Amino acid sequence: MTRSRGSYLLFLIPGALLLIAVILVPFAMNIGISFTQWSGAGDPKWTGLDNYRRLFADDVFWASFRHNVGLVVAMAIVPTVAGLVIAAALFDFVAKRFGARAASVLRACVYLPQVLPIAVAGIVWSWLLAPEGAVNEVLSAVGLGSLAQNWLGDPDVALWSVMGVMVWIQVGYPVVIFMAGMQRADPSLHEAAELDGASWWGRFWHVTVPQLRPELFVVLLTCTIAALKVFGPIYVLTRGGPGGSTNVPSYYSFQNFFEKTQVGYGAAIATVLTVLILVLTTVFLRVQKRGERP
Amino acid sequence: MKRHVTLWSLIVLAVVMLAPFLVVALNALKSPSEYATDGPLSFPDGVYLQGLIDFWARVGFGQKLLNSVVISGSVAVLAVVISVLNAYALGIGRVRGRTWILVAFLIANTLPQEALAYPLYFLANETGLYDTRLGVIIIFTIIQAAFGTYLLSSTYVGFPHELLEAAYLDGANKWQTLVRVVVPISRPTLGVLFVFFFIWTWNEFFLPLILLISNDTQTVPVALGVLQGQRMMDATMTSASALLGSSRRSPSS
């Protein structure tokens with residue numbers, strides 16, 4: 001270790017070159033393109049901040065962000081809360097009474113949608129939610145036929161349907177992370193609380209949840225970022241429709257790039273989305289660091 | 001009583017999580033006429049495999065599987081190699097400015113791919129890598145390695161010092177130390193990274209959708225997603241496609 005440190009730089013060269021060629025240069029290009037009007041062919045025309053000005057006045061853009069808020073609820077908040085409850089039930093109850101095997105089988109069931117390609121989950125659900133699909137069949141079979149909907153084809157319902165599918169896809173991730181975190185936690189605190197006569201709920205709220213703080217941060221951060229980036233499910237389930245009712249910024253930028261050939265405008269949308277994600281990440285990490293200090 | 005409620009709600013949950021797959025599997029085994037008369041919820045009368053066979057042939061599924069295996073496998077190997085090299089320099093070598101270099105890799109992993117998509121599409125066209133598996137392999141190698149660098153660097157910071165010293169005393173240079181000491185000791189972590197990289201690359205959708213347009217290069221998820229968007233499949237074929245798409249997931253399962 002006493003040798004010169006400089007020569008370690010050689011090991012960094014392949015990674016650094018790839019990082020520059022595939023991430024840094026394209027990212028800089030994207031920012032550059034966002035100040036231009038460009039159809040993808042010919043030379044881009046410099047227009048300064050025009051794209052950004054247009055963006056702030058664009059109802060479709062703001063609507064896409066509102067839909068994104070719904071997806072943050074469906075992909076981060078609901079799965080985190082549900083994941084806490086499910087993980088605690090599996091860990092405290094199923095594992096103790098029915099064995100670790102039963103708990104891990106149930107955990108695997110909940111986690112399954114997470115390992116599937118999103119295209120598969122999308123195909124499964126767009127088929128289940130079709131007007132003649134299995135969901136409506138089940139509803140009429142149990143006498144709730146009046147609730148049958150065109151789940152993905154009705155502008156008033158489509159976003160809610162997509163949110164429901166996203167909860168189904170996402171919930172396994174917090175469950176797995178939280179159960180791992182519970183294994184790390186110190187059991188003596190639980191026993192002490194039990195001796196003091198704390199109820200299950202009291203122990204959950206005052207012992208388990210505070211101990212899971214690091215995991216809660218990681219899950220909320222990664223799921224919120226995933227929700228802001230969401231593209232695959234929208235593409236496969238609804239293509240942003242009907243009538244733009246499930247459009248999100250990432251899909252909107254894709255549309256501008258490849259369907260409307262307004263590359264500059266698409267780049268501006270992507271840049272705003274990036275800034276938002278980077279700011280959010282920084283804030284989250286700051287708050288987490290503060291939380292770690294005693 | 002209360003315990004039964006908990007157990008039953010968990011079982012109901014498991015059923016809700018699995019039901020979509022069961023319904024799909026059920027319908028993949030029906031003939032179109034059977035589906036038309038009995039609907040999506042009935043049990044199939046017999047095993048009808050023609051839907052699966054037709055789907056396989058129609059989309060050239062064998063080729064898509066091969067593409068997915070080649071792309072995910074190459075990315076997993078290359079990204080593990082790059083991660084190890086980076087982490088060796090950053091975590092053990094402690095090169096100057098390592099914090100900022102790590103931040104750059106972390107940002108690379110956090111950036112939305114939309115912010116890279118058009119330039120990558122453009123550059124791939126310029127370099128002749130558009131619609132090639134190699135182009136996608138190069139891109140995902142660094143995207144996955146960015147995460148691997150971050151994770152491995154933090155584990156290498158705590159790498160046992162004595163082992164490195166011993167290697168140096170035995171006359172090993174930095175490369176030999178890396179290959180003979182560091183890599184063998186971190187093999188379990190590298191194995192986990194390999195599996196993650198493979199699955200993540202297998203499941204990638206956005207950039208492959210943009211960069212792989214021809215039948216000979218598309219991966220399984222892209223082929224399924226594009227077909228789905230075209231709404232050109234009947235119900236049993238849709239089920240068959242979903243079943244095939246989920247039948248091959250990861251080297252670990």
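This is a predicted model: local features need pLDDT of at least 70, side-chain atom pairs count only at pLDDT 80 or more; totals for chains, interfaces and linings use all residues.
View 1. Contact links 75 residues of chain A to 80 residues of chain B. The two chains bury about 6,900 Å² between them. Of that buried area, 80% lies on carbon and sulfur atoms. The size of an interface is often given as the accessible area lost when the parts come together.

**View 2. Polar contacts and salt bridges across the interface of chain A and chain B.** Between the two chains, 5 residue pairs are in polar contact, with both residues at pLDDT 80 or more. The number of salt bridges found across this interface is 0.

**View 3. The side of chain A that touches chain B.** Helix H1 of chain A, residues 9-33, supplies the largest share of this side. That share is 15 residues. Sorted by class, the side of chain A that touches chain B has 55 nonpolar residues. Another 13 are polar, and 7 are charged.

**View 4. Two helices cross within chain B.** Helix H4 of chain B covers residues 61-92, and helix H7 of chain B covers residues 133-157. Their axes come within 6 Å. They cross at roughly 35 degrees. The crossing of H4(B) and H7(B) is right-handed. The contact between these helices has 19 nonpolar residues, 11 polar residues and 1 charged residue.

View 5. Over all chains, a search of the whole structure finds 3 salt bridges.

**View 6. Trp151(A) and its surroundings.** Trp151(A) sits in a loop of chain A. That loop runs between helix H6 (134-141) and helix H7 (158-170). Leaving aside neighbours within four places in sequence, Trp151(A) is in contact with Leu129(A), Val135(A), Asn136(A) and Leu139(A), as well as Val157(A), Ala158(A) and Ser161(A). Val162(A) is 11 residues from Trp151(A) in sequence. In space, the two are 8.9 Å apart, C-alpha to C-alpha.

Notes: Residues are numbered from 1 along each chain as its sequence is written. Chains are lettered from A and ligands numbered from 1 in the order in which they are written. Side-chain values use heavy atoms; hydrogens and water are left out. Axes are lines fitted to C-alpha atoms, for helices over the stretch in contact, and angles run from 0 to 180 degrees between N-to-C directions. Helices (H or I, at least four residues) and strands (E, at least two) are DSSP runs, numbered from the N terminus. A crossing is left-handed if the near helix is turned anticlockwise from the far one by less than a right angle, and right-handed if clockwise. Ala, Val, Leu, Ile, Met, Phe, Trp, Tyr, Cys and Pro count as nonpolar, Asp, Glu, Lys and Arg as charged, and the others, Gly among them, as polar. Contact means heavy atoms within 4.5 Å. Buried area is the accessible area (1.4 Å probe) that two parts lose on being put together, summed over both. A salt bridge is a side-chain nitrogen of Lys or Arg within 4 Å of a carboxyl oxygen of Asp or Glu. A polar contact is a pair of N or O atoms within 3.5 Å; within protein, one must be able to donate a hydrogen and the other to accept it, and residues adjacent in sequence count only if both atoms are side-chain atoms.
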